[in-house]
Protein chains: 2
Amino acid sequence: MTASSPRIVAVDTYDIRFPTSRELDGSDAMNPDPDYSAAYVVLRTDVEDGLEGHGFTFTIGRGNEVQVAALDALRPHLVGRPVDDVCADPSSVSNDLTGDSQLRWLGPEKGVMHMAIGAVVNAVWDLAAKRAHKPLWQFLAEAEPEWLAEQVDYRYIADVLSPAEAIGLLERGREGAAQRAADLRAIGYPGYTTSAGWLGYPDDKLIRLAKQAVADGFTQIKLKVGADLSDDIRRCGAARAAVGPDIRIAIDANQRWNVDEAVAWVQVLAEFEPYWIEEPTSPDDVLGHAAIRRAVAPVKVATGEHVQNRVIFKQLLQAGALDVLQIDAARVGGVNENLAILLLAAKYGVPVCPHAGGVGLCELVQHLSMFDYVALSGSTEDRVIEYVDHLHEHFTDPVRIVRGHYAAPSAPGFSAQMHQQSIDTYRYPDGTFWRADRAGRKGAA
Amino acid sequence: MTASSPRIVAVDTYDIRFPTSRELDGSDAMNPDPDYSAAYVVLRTDVEDGLEGHGFTFTIGRGNEVQVAALDALRPHLVGRPVDDVCADPSSVSNDLTGDSQLRWLGPEKGVMHMAIGAVVNAVWDLAAKRAHKPLWQFLAEAEPEWLAEQVDYRYIADVLSPAEAIGLLERGREGAAQRAADLRAIGYPGYTTSAGWLGYPDDKLIRLAKQAVADGFTQIKLKVGADLSDDIRRCGAARAAVGPDIRIAIDANQRWNVDEAVAWVQVLAEFEPYWIEEPTSPDDVLGHAAIRRAVAPVKVATGEHVQNRVIFKQLLQAGALDVLQIDAARVGGVNENLAILLLAAKYGVPVCPHAGGVGLCELVQHLSMFDYVALSGSTEDRVIEYVDHLHEHFTDPVRIVRGHYAAPSAPGFSAQMHQQSIDTYRYPDGTFWRADRAGRKGAA
């Protein structure tokens, strides 16, 4: 590198919170009043065109400042790095961050510190895809198998996935990729909607939104369950009556149950033919999920939005604990670790149906599923990306849903960037919304 | 409660760092240069005698400020609570903290946020034991089984441990407890030492310290391994020659290996008859530990210092992945979760040999093992507490080692309190040590 090669010159972090709890949007059995939030990071460079990489961790309110502190702790690893090196090998950043021996103590590879690493790594991929003038899904799908395989950290998964196997899966995945990319651009990637099923919504709203979802072209909806069994029976019955027998209804307990409770509860709800039960218990309980799956079949078991890293996903697959693997774009260590997880799912032949919603999770994760379809799994059968119609207006390249499908993004990057106006409005505690809100409360008091 | 009942009136937090990396104390295969640190919390009350509860999370340097941010995030849950309520039922605090639906998103029950909860919960137990004028081990050992069983959160472990079973284990544990308490006060609890075996130490220092350990009455030592196999062969051979055949030598890889590497490496070192292999791979890899254990027997498998919570411990026991369960006082959610883990170990008949060292971990965890001996497991057979001779001088009630045994503490509380002078000196970045250190570096530059 010459002295004048462009570099990352600053890492700016933001605590952004939306007051979603006031409408019970996003309410479920474990999360009654979330304030959807983002610990947001921008990698600034001195590239002449003003190139930036954007990334974030999604949280639900309190503690977002702890995530920001974790982002700040990563700054010394980033400032001064040559942009060309970072873009040529994002794993160089990913491995340095997860390998920092002192920061590693705070996980390892889990919780606040790992989520912050994921945000930064995703910002690096945003940077790399923008510099290549491609949307991230295309950037990944057109990358060489050898290079993609090198982006994966095989530590702790080498017992089930070798670099050579990864290359083999990626080479197999390229067969027919051009046609699938064309199909993707024409049709999009199937989605399903959770917007009808929040626990805090009254039945008439649930029924209205469920019917609307079908009219909009969705073939799967999802209901939150797990707080009260008689409520769940009533709501599942109402939803099934509203959508008819041919629409898949997923149910989601958000970790509310112990193993035995999960089995008993799902067996009662089985009469409404739920397609999957999501997060029946702790995301850490590999053996518990396996026991539940054996007991509730043919209802499928899905989990992943809170699974901390590739090591737990590996075991969920080894133990036969999953029918549906739900990646989250912003919980694990970013694109690099999600590549590992997609490869593990491909090896075990388990379909990936991402978690999304929150703030910007739809925007991010669509790229990973589209890459998976075009250049790895090669299929959208039994694969759907969660869709929730919240907060997309804050993003410069928001998702577009057409007849129940995610339209393929065409703008360069990872679709991770928020409008500056949104940042200025919802920065906590000093954004214009929050200042006005406090003034209003004082006025009312 | 009357309006004048005493309350928690402030929660003070401190970022305390010791420059241990300069001596390679604590160096191992994953942590080459730790700066032993504490994210330290003091619960101040308006009790007339100045009652305070002290607790901390141990870290190894960078990121300690993120832990402090997490402690700060818990303050609103604590300030204003009546001291009598908190002391009568520490689980009321523990359950509120782990159950905060927004903070829970940052785990759940793992990583930075959970470690901060552990520090606060431990501070609550320090408060409760001090108010009862008993050292914590005695406070726990003399508590009613029903009350102790109520201190446990059974969520996600109810499939293997019910409240009734917990009460049964605790009632069984009380038989002969008075005699064991007397024995404990007379003899102490067996320890083992890691002070000889840090990876950064030259062989002559290792040999000298190993011989010294035997002379001091220890019957087990521990060596760090995993960076270089030929080094490990040489060091294990030197240590075995130094201590003879009757001293147990544990080896500790600090998560360095994949599953297959662990098996191969331990099979080579087996000629030196290691007693256990500690942390052979990721602490998250339950099935990996089970596979390693099957392959390396009769060498025992030990892990736990980085195990995030009771859910992973439950599975390690369910899967037959462990011969030795290593609790850590300051990684999981404090005394309440460690009670759950001790009960799980008792149910499965697996001996508990705590991780200690770092900053103050010996001071804390001795109380848990002593309770376990007096009132739960009823035995010290094959049970030893790790001992490392670092940094005890900073505590007001430091551990005392007598003929290889931890002497039973007699001062009220959890032995968690640091000298104010130590806090003032090693606060980062503004303590007197760090200010002088920066001034010295500037002078040298």
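**Ground rules.** I am working with a predicted model, where local features need pLDDT of at least 70, side-chain atom pairs count only at pLDDT 80 or more, and totals for chains, interfaces and linings use all residues. Residues are numbered from 1 along each chain as its sequence is written, while chains are lettered from A and ligands numbered from 1 in the order in which they are written.

**Whole chain.** I found 18 helices and twelve strands in chain A; helices (H or I, at least four residues) and strands (E, at least two) are DSSP runs, numbered from the N terminus. I then looked up the radius of gyration, which is 21 Å against 22 Å from the globule rule for 445 residues, so chain A is as compact as a globular protein of that length. That radius is taken over C-alpha atoms, and the rule is 2.2 Å times the number of residues to the power 0.38. I noted that 61% of the 445 residues count as buried (20 or more other C-beta atoms within 10 Å of the residue's own; exposed is 12 or fewer, partly exposed in between, with C-beta atoms placed from the backbone).

I looked up their contacts (C-beta atoms, placed from the backbone, within 7 Å): 38 residues of domain 1 of chain A touch 36 residues of domain 2 of chain A. On the domain 1 side, α5(A) gives the most, with twelve residues.

**Helix α5(A).** What is its reach from first C-alpha to last? I read 30 Å for 21 residues, close to the 30 Å expected at 1.5 Å a residue (1.5 Å times one less than the number of residues). I also see that 21 of the 21 residues of α5(A) are buried, so this helix is largely enclosed by the rest of the structure. Just after α5(A), His133(A) has a positive phi of about 60°.

**Helix α10(A).** In α10(A), I list Leu206(A), Leu209(A), Ala210(A) and Ala213(A) as buried. They cover an arc of only 105° around the axis, which puts them on the same side of α10(A); the arc is that of the directions from the helix axis to the C-beta atoms. Asp204(A) and Ala215(A), on the other side of α10(A), are exposed. The buried residues pack against β4 (189-197), β5 (220-224) and α11 (229-243) of chain A. Just after α10(A), I noted a positive phi of about 105° at Gly217(A).

Conventions
Contact = placed C-beta atoms within 7 Å.
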